[in-house]
Amino acid sequence: MFYWIDFGVARDCRIAAGRADAHHRSPILGLPVNTVELNKIRKSYDEFVAVDDLSLVIRPGEVYGLLGPNGAGKTSTLRMMIGITVPDSGMVSMFGEPLRRAHTQRLGYLPEERGLYKKMKVLDQLVFLGELKGLSGHDAARRAGQWCERLGLKEWTGKKVEELSKGMQQKAQFIGAVVHDPQFVVMDEPFSGLDPASAMVLKDAFLELKNAGKTLLFSTHRMDTAERLCDSICLINHGRAVLEGDLGKIRAGYGKRNVQIKYEGDARFLDDPKLVQSFNDYGNYVEVRLAAGADPQELLRAATACARVNKFELMEPSLEEIFLEAVGKANA
Amino acid sequence: MRNTWLIIQREYLERVRQRSFLVLTLLLPAIIVGAFVIPSKLSKMKNSKTQRLVVVTSTPQFGEIVRQQLVAGTKPGEGVSADADADKDKDVDDDDKPSRDYAIEVDSNSSELERTALRNRVTSGDIDGYLWLSDDAVAARKVTYYGRETGGFIEKAWLRGQLDRAILLEELAQRGVGGAQADELLKPVKLETMHLEAGRETKANDRGAFFAVLIMVMLLYMAVIFYGVSVMRAVLEEKNSRVMEVMLSSATSTELMAGKLIGVGAVGLTQIGIWIVMAGVYALPALAASASTGEIRIAPLTLAAFALFFLFGYFLYSSIYAAVGAVITSEQEGQQLQFIILLPLIVAVFMMGPVMRAPDSPVAVWTSMVPFFSPVLMYVRIAVQPPPVWQIALSLVLLVVTIAGILILCARIYRIGILMYGKRPTLPEILKWLKYAKG
């Protein structure tokens, strides 16, 4: 289980260096422009600040993860990004222009909870959603039919939405978000409440869209899902970006400062504050976070001096750890 | 525009296709027929049992007059009370008919002994009752009816009328006036009112106007309750099922609200259209008959006013319902607020009586200007007695301005409310939304 720790966040904790410059090219040259840019957007509900000067950049063709604990401001951010709500201040750009109504036809949205008319038949519903996005009735029906076949909903197209299982409703919802072939698909917690098989089908559809060159954005509170799927991420906490940018670079920036050790015998070597910043004992093995400037070889020597070491492996930090550390640093 | 049109279509088709639409469309006329037609038919139906009465008078002649009045009253066109107008005056005559036949036995023995004997006959079931018309009683105009069934309210009124007439006939006979002469003297007055406007006279039809008003007010009231609540419920459902978010990622809140109001309104009009056709088919023979005599005629102005005020009334109230749907989080909360929304309409319905009685009184003029009342009260005035054009125009302008204002306010509440989950906002919070949602 993953536990979020409330550290509180400082404003200037974004670690998103050296990224936008490489990919942001001028639209005048006909080169790809960023799909989305949020520039210091802010939204408060009465006293509560849901999103606090958040900035992020989503490049075309990437899978972007918006991560954070429940209540961090993920859904509020998504809503502002696609124009359901308007930020109190700050700027939302889409496809290189300030967000306009017309942009909504080029994006698809999958809300966190199922948002379909319960009494409506599945196909009618999908055609309706497609038409709202500017498709003709005929095109919408054809594409919805294709997608239903692709996701195994074909026999259910004449059924009312309320007769479908939760997983099938989620698939229908997904089709509703992509039926008009949008360039940018926004999904709020797409995997929550899905059984593994449905999640797999959805994930495959996901990757298919990515391969077709679409830009995908999804929010999740599960770091492991994000770790597997995302090219870039934005970690938010209390409405502020804690980390933003290319996942690989973020990881590299943290370096291999984790060590997994399997040992038998005396564990005194873990007590040296010059070598070990912190550790987590999982029973079978212990995960050690090296102190700043510590040499892993020295830790190995210290370990072999008092215990029998069966395994000693340097590891990249998990997203979970990166997040906790970023939050901790911001707090310090 | 395209989005609004798509939303209208969806709202309309989904509702019309639902089984509940068909059920309501068929059931409501059935209920109305059940509630109005059957009891009135029943009350007109003659009690199959003949009422056997004994009329006790001091003279057999007077007894005979009473007998004729009571028996003849059951057969218009014959007997004493029948006159040439009887057939034409069907409406009036309907009310004059007793609900049962009478078999009258005249008895000119008004002794106390006879009274006891009659009492025994009533007890034994030989007769149903007796009327005590002794000279004293007649002189005092205080007649007593003794019987097992003392009869209903309408029957008593009829009986009294017939006795009035019998006593008058007897008095006239004693003064040497009888037969056709007496009938001539007792001929009732019929008042016909003509409406004079711009030198044109039209036969004022109070009865037709009354029913036109009543039907319209009933339809408006029902439409507001059914379709307004339906709008509210639909908004609530969209909000709770989060469909709202999907919709808002494609359409604006104004498009959503407009589409919903118009779509549901169109369903209402369809339903009412079906009812009008049904009523037309049902009432066609009667309508054809009354059209020839000009009995029930609804002026084109009344019809136009109906359509206009009906639509405006619907939009006024249902947009408030839409805003309420956006604010509340459950239907129970909605029920508490429903009464408040309906209150102006209920007040307007209560005002109907006074306004109908005096359509030109200052109270009627000014209340019919108030936008929340005017769909009912201005229509009432137009139907009863067309007011000056400037008054109609002013009330329409006020109504349209109010609707526009309410729509704008409600659209703002709607826009923010539909994305608010959890607790219901307080009034100050809603006022803050109004300020906040200008953009």
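The following dialogue examines how the terms used for this predicted two-chain model apply to its residues.

Student: How should the names and the model be read?

Tutor: Residues are numbered from 1 along each chain as its sequence is written, while chains are lettered from A and ligands numbered from 1 in the order in which they are written. The model is predicted, so local features need pLDDT of at least 70 and side-chain atom pairs count only at pLDDT 80 or more, whereas totals for chains, interfaces and linings use all residues.

Student: What makes up the secondary structure of each chain?

Tutor: Helices (H or I, at least four residues) and strands (E, at least two) are DSSP runs, numbered from the N terminus. By that rule chain A has 10 helices and 14 strands, and chain B has 17 helices and 6 strands.

Student: Why is A:Phe95 called buried?

Tutor: A residue is buried if 20 or more other C-beta atoms lie within 10 Å of its own, exposed if 12 or fewer, and partly exposed in between, with C-beta atoms placed from the backbone. A:Phe95 has 21 other C-beta atoms within 10 Å and is therefore buried. The residue lies in the loop between strand E4 (89–94) and strand E5 (97–98) of chain A. A:Phe95 also has a positive phi of about 50 degrees although it is not a glycine. Most residues other than glycine have a negative phi.

Student: Why is A:Asp181 called partly exposed?

Tutor: A:Asp181 has 16 other C-beta atoms within 10 Å, so it is partly exposed. Its place is in the loop between helix H5 (166–178) and strand E7 (184–188) of chain A, and its phi is positive, at about 55 degrees, although it is not a glycine.

Student: What makes B:Glu238 buried or exposed?

Tutor: With 22 other C-beta atoms within 10 Å, B:Glu238 is buried. This residue belongs to helix H9 (residues 206–240) of chain B. B:Glu238 and B:Ile418 are 180 residues apart in sequence, and their C-alpha atoms are 8.3 Å apart in space.

Student: Which residues is B:Glu238 in contact with, leaving aside its neighbours within four places in sequence?

Tutor: Two residues are in contact if their C-beta atoms, placed from the backbone, lie within 7 Å. On this basis B:Glu238 is in contact with B:Val243, B:Met244 and B:Met247.

Student: How many residues of each chain are in contact across the two chains?

Tutor: On chain A there are 21 residues in contact with 15 residues of chain B. Helix H3 (residues 122–132) of chain A gives the largest share of the side of chain A that touches chain B, 4 residues. By class, that side has 11 nonpolar, 4 polar and 6 charged residues. Here Ala, Val, Leu, Ile, Met, Phe, Trp, Tyr, Cys and Pro count as nonpolar, Asp, Glu, Lys and Arg as charged, and the others, Gly among them, as polar.

Student: What makes a set of residues a nonpolar core, and which members of the largest one touch the most others?

Tutor: A nonpolar core is a set of buried Ala, Val, Leu, Ile, Met, Phe, Trp, Tyr and Cys residues joined through C-beta atoms within 7 Å. The largest has 147 residues, of which A:Val186, B:Ala322 and B:Tyr379 touch the most other members. Helix H12 (residues 300–327) of chain B gives the most to this core, with 16 residues. Apart from it lies another core, of 20 residues, among them B:Leu53 and B:Tyr130.

Student: How do you know that the length of H1(B) agrees with that of a helix?

Tutor: The expected span of a helix is 1.5 Å times one less than its number of residues. For the 16 residues of H1(B) this gives 22 Å, and the end C-alpha atoms are 22 Å apart, so the two agree. In H1(B), the buried residues include B:Leu6, B:Ile7 and B:Ile8.

Student: What is the angle of the kink at B:Leu343 in H13(B)?

Tutor: The bend at a residue is the angle between axes fitted to the seven residues ending there and the seven starting there. At B:Leu343 the kink is about 45 degrees, shortly before the proline B:Pro344.

Student: Where in chain B is confidence lowest?

Tutor: The pLDDT is the predictor's confidence in each residue, from 0 to 100. Confidence in chain B is lowest in helix H4 (residues 90–96), at a mean of 45, and highest in helix H1 (residues 2–17), at 89. Over residues 74–95 of chain B the pLDDT is below 50. Where pLDDT is low, the predicted coordinates should not be read in detail.
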